[in-house]
Amino acid sequence: MTDSMKPVKQAPFSGFAGFGGGLGTLSSAASDATYVDDVFSTYLYTGNKPSTQTINNGIDLSGEGGMVWIKRRESAGNHVLYDTARGATKSLYAANNDTENTRTGGVTSFNSNGFTLGNFSYENIADEGIVSWTFRKQKGFFDIVTYTGNGSSNRQISHNLGSVPGMILIKNLTDSSDWQVYHRSLGATKYLKLNSVAEVTTDSGRFNDTEPTSTQFTIANDGTVNYNNSNYVAYLFGHDDQSFGTGSDEAIIKCGSYTGDGISGNADGNLQNLGFEPQFLLIKNTTRGLSDDPYSGWYLFDNMRGLTYGKGTGSPNGNDKYIYANKNETENTDAVVNFTPVGFSLTNTGTGYNRSSDNYIYMAIRRPHKPPTAGTDVFAIDTLSASSYNTPSYTSNFPVDFAIRRNNITSSDSPEFVTRITNALQISSGTSVESDGGTTFFDYFASNKGWGTGSGADSNDYLWMFKRAPGFLDVLPFKGTGSALTLTHNLGAVPELVIVKSRSSTYSWSVYVSHLSSPRTKYLYLNGTDSVGSASAGDFWGSSDFTATQISLGTYANTNHSGNLLIAYLFATLDGISKVGSYSGTGSDINVDCGFSSGARFVMIKRTDTEISGATGTNWYIWDSTRGIVSGNDPYFQINTNNAQVSNTDYIDPLSSGFTVTSSANASINTNGGTYIFLAIA
């Protein structure tokens, strides 16, 4: 191991079967709570023209109403917008001033869980990747208003947003005129054009110098917003309405502004604090216009197509995928932005997003935060089984944020951690720096239902897939400082198992476990067989207890090397879904009650009180129900080695409430007086 201090062994500790804490009853949140998951979706799909297809993104458009924005990514084509107020097949183009179109092969119906596509190319071009953004009508988030112009000044248009809009897009449906944009940071005396790179314009002839209210917005007699007998649609976006989430006290959308600082290469430079981690971001430079095209365009980012917190082995700049809302171009890639647990940061000096002293406006939407109700919402196991290149290689039925990959589990191969937010992989059986996933991994993560792309099948290639979710898992990238460091996270529960790895240096994988005595002075190594080590307070984990919103890190290089990019995986106990705990070995069968109803689908166990030499060792053992947790032999592999799986042992058995450690298990799993920690997922 390459570490800067010698581990100190800890005396054995006492474990308790199934002992654990965590978020508890989060999954039983009030049924009337509204989450961003209910009202917004970024859904990626592959076109299949001349056929049709239905997009099931979980958004109720037929019952609640909303808007769908579609853009193909691999070739030039119009941004196409449909909404329930105007009806299916009625489209608008975001990047030009065309009137409303009727596209019989566009969005042909709005459904209770998404929408249906016809066979037109902008929406469903064959064999190309396409992105859709769906906005459901919801007070505090989004509303749609249609009206007919009357040519008068000081006209009030009623809306049902229920809060003061942060941004409004208005389009004349009858005549060819530009999209008009109101943004709260600019005020009612200024406007922008969605289909143009033009800088902000001061003019009272749009919004009548009158700020919108929670019930209406005001327009003047300008033809772009109120020409007599012309028909219009207005899309209203909320701002900081804190009525969402489990406690109905969280915001899911913010419309704000910032000034560029012109500094490049800082992972958290020019940080914009939203109070939440975004999944969608729209940015526009308001200082510069036509002379700076395309850098004064409207930048669209989302975490499904690909954003990375620091790409490569040292640079804090990622190659982030973005689309210009005002252009019909293909998708672009550049080092632009990091999404952080509290907002976003600008990582480069580009004119379009962080030029010194330039002004910018933005709209940001929170990442998913709906508590899971079952283990299958957040965890899946699959073997390589893609039927064609446009289906994921491994199926999960949720967007994969983090996965453990093991190729050919019957032979020697290294276990790999692959992570969406870093677009990279790391070898868990060693200490090497991360390997940049590049465009390939962007494509692998670009699925709402799994991971990977390409045809082929191999029953020996396995992927264990995880989704970030409150109370279950959070993934936290950060930049080390070498000094005591407190980091905000979005787990929503006190972390019980934390795994930290430097992405930039060859330090060991450091593991925090709350079930150890004095846990902030203890550590394990995921890439080794070491028993629990002891360190001074403030070395590994800092001097403050972990909370439901923060973790603290010390000055030790493994967890906080100055200037290094690092990654932390945070797990907690969530009733009926996951369990972090410990047990004491007896040499006899031990029933480990995790509070599950149908047994564990994933079990990881590590002995902590001693280090055993030899092939079995005190390794990190993993079982799962796909390979088999049965009353008989159960295959296991070790995440800290590249050994082939072992299939001829019976170390654990099924148990409806968790799992059973058998009397036939070796000392690394069950011996009298031994102490063990585990992670189990239902």
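The second largest cavity of this predicted model has a volume of about 80 Å³, where a cavity is a set of points, on a 1 Å grid over the protein atoms alone, at which a 1.4 Å probe fits but cannot get out, and a volume is the space filled by probe spheres set on points that are joined across faces, edges and corners. Its lining, made up of residues with an atom within 4 Å of a point, consists of Phe402, Ile404, Phe417, Phe466, Ile499, Leu526, Phe571, Phe602, Met604, Ile639 and Leu679. Two or more of these residues come from each of strand S30 (402-406) and strand S46 (602-607), strands being DSSP runs of E with at least two residues, numbered from the N terminus. The lining of the second largest cavity divides into 11 nonpolar residues, with no polar and no charged ones; Ala, Val, Leu, Ile, Met, Phe, Trp, Tyr, Cys and Pro count here as nonpolar, Asp, Glu, Lys and Arg as charged, and the others, Gly among them, as polar.

Among the residues that line the largest cavity are Glu277, Asn303, Phe339, Arg367, Asp401, Arg420 and Arg468. The count of cavities of 30 Å³ or more comes to 4.

A pocket, by contrast, is an open set of points with protein on both sides within 12 Å along at least five of seven lines, and the second largest pocket holds about 660 Å³ of space. Of the 28 residues lining this pocket, Leu44, Tyr45, Thr46, Asn390 and Ala446 are the closest to its centre. Strand S2 (40-46), strand S3 (53-56) and strand S10 (129-136) each supply at least two residues of the pocket lining, which divides into 8 nonpolar, 12 polar and 8 charged residues.

Turning to the strands, an open sheet is formed by 4 strands in the order S11-S18-S13-S14, with antiparallel pairing, two strands being paired if DSSP finds at least two bridges between them. Strand S11 (142-148) and strand S14 (180-183) are the edge strands, each pairing on one side only. Within this sheet, strand S13 (residues 167-172) and strand S18 (residues 231-237) run antiparallel and are joined by 6 bridges, and Ile168 stands opposite Leu236 in S18.

Residues are numbered from 1 along each chain as its sequence is written, and side-chain values use heavy atoms, with hydrogens and water left out. In this predicted model, local features need pLDDT of at least 70 and side-chain atom pairs count only at pLDDT 80 or more, whereas totals for chains, interfaces and linings use all residues.
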